[in-house]
Amino acid sequence: MNWQWFHRLGSPRWFYQKTQAWLPWLAIASVVLLVTGAIWGLGFAPQDAKQGNSYRIIFIHVPAAVLALVGYYVMAISGAIGLIWRMKLPFVVMRAAAPIGAALTFVALFTGAVWGKPTWGTYWVWDARITSMLLLLLLYIGVIALGQAFLQERTADKACAILALVGTVNIPIIYKSVDWWNSLHQPATIKLTESSSIHPSMFYPLLVMVVGFYCFYAWSLILHTRQQILVRERKTRWVQQMVASGSTRLVEEGGKA
Amino acid sequence: MNFQFSSFAEFIEMAGHGPFVWAAYVVTLVTLIALIVLPSRGASRFIAQEKKRLDVAERRARAAATVATPETSG
């Protein structure tokens, strides 16, 4: 079997070159999906029978929370790949995923709080779902801080990967928290195995937003990774050539872009 | 599929839930924009900084060369 593709994946330059062409498409897809989903959810989805208009926060709260969890797996799995195969690029992806994950976890917590006030009568409760999400935010912040605490990049990478891997214990706890403990938080409305408890008129805009958030996540992760690659590979010839040309675009030798 | 509100004012008001809904959307929007702008600007800034460093080093090297061989500097 040809493993060349796998080793190429470890090359920062190959990643930088490849993702250049994806960026505009990801940008268009993210903006179109998020704008469509937001207008649909805010103005055209029907009011909720019990919660009125406050439920419209669901269209950002759920996708942000989903990507906060998925992003943690992205970070931890990249860290594991970096540790096992000693490749450069997965560590860069891992470090790039930390600030995005932290920001999305913050969004999930914030939108949850302002949704909680009109619905539960309080911004915050120390229940299992919310507390484990707060722990997720602290784990992300921990990875960011740990990454800055070491002078040697390789030591920082390893330390971050280990912390990220240990923290994965928290993910199933967050996911299952509404089933395992009594909570104010409502149980999952979208289920893969049984019929969902959400009406199609609310489900479709939510689906558009979730797909939009996935595209956005990929877009932001690639941008963060590319920025880190430039800094880490500053001594290489290909980055030096980009510096000389004063552009963040990598032009392949021989004119091929 | 119809617009659920009879006027724009009602849309903003959202039957009293407006402040909560709009606060959530605005904070999310600002965060998402930051997640795109910060790494993009960071990359361009890094390139600009490095270029400046390179130019300064080059100028110094040229100046040093001129001092070393004054007859070629005209």
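Predicted model: local features only at pLDDT ≥ 70, side-chain atom pairs only at ≥ 80, totals over all residues.
Chain A contains 9 helices and 0 strands. Read from the N terminus, its elements follow the order α-α-α-α-α-α-α-α-α. Along the principal axes, the C-alpha atoms of chain A occupy a box of roughly 60 × 40 × 35 Å.

Helix H4 of chain A (residues 88–120) packs against helix H2 of chain B (residues 18–68), their axes coming within 9 Å and crossing at roughly 175 degrees. Because angles over 145 degrees count as roughly antiparallel, H4(A) is roughly antiparallel to H2(B). On the side of H4(A), the contact includes A:Pro99, A:Ile100, A:Ala103, A:Leu104, A:Phe106, A:Val107, A:Phe110 and A:Val114. By class, the residues of the contact between H4(A) and H2(B) comprise 15 nonpolar, 3 polar and 1 charged.

Over all chains, 8 salt bridges are counted. One of these joins A:Glu153 and A:Arg95, with 3.4 Å between the closest N and O atoms. A:Glu153 belongs to helix H6 of chain A (residues 153–167) and A:Arg95 to helix H4 of chain A, so the pair ties together parts that are 58 residues apart in sequence.

A nonpolar patch on the surface is formed by A:Trp25, A:Ile28 and A:Val32, which together have about 360 Å² of accessible area. Of these residues, A:Ile28 is placed in helix H2 of chain A (residues 12–44).

Definitions and conventions. Residues numbered from 1 in each chain as written. Chains lettered and ligands numbered in written order. Heavy atoms only, no water. Patch = residues over 30% accessible without salt bridge, like charges linked within 9 Å, V, L, I, M, F, W, Y side chains within 5 Å. Areas by Shrake-Rupley, 256 points an atom, 1.4 Å probe, with all protein chains shown as cover. Salt bridge = Lys/Arg side-chain N within 4 Å of Asp/Glu carboxyl O. Helix = DSSP H or I, 4+ residues; strand = E, 2+ residues; numbered from the N terminus. Axes fitted to C-alpha atoms, helices over the stretch in contact; angles between N-to-C directions. Parallel < 35°, antiparallel > 145°, perpendicular 65-115°, else oblique. Contact = heavy atoms within 4.5 Å. Nonpolar A, V, L, I, M, F, W, Y, C, P; charged D, E, K, R; others polar.
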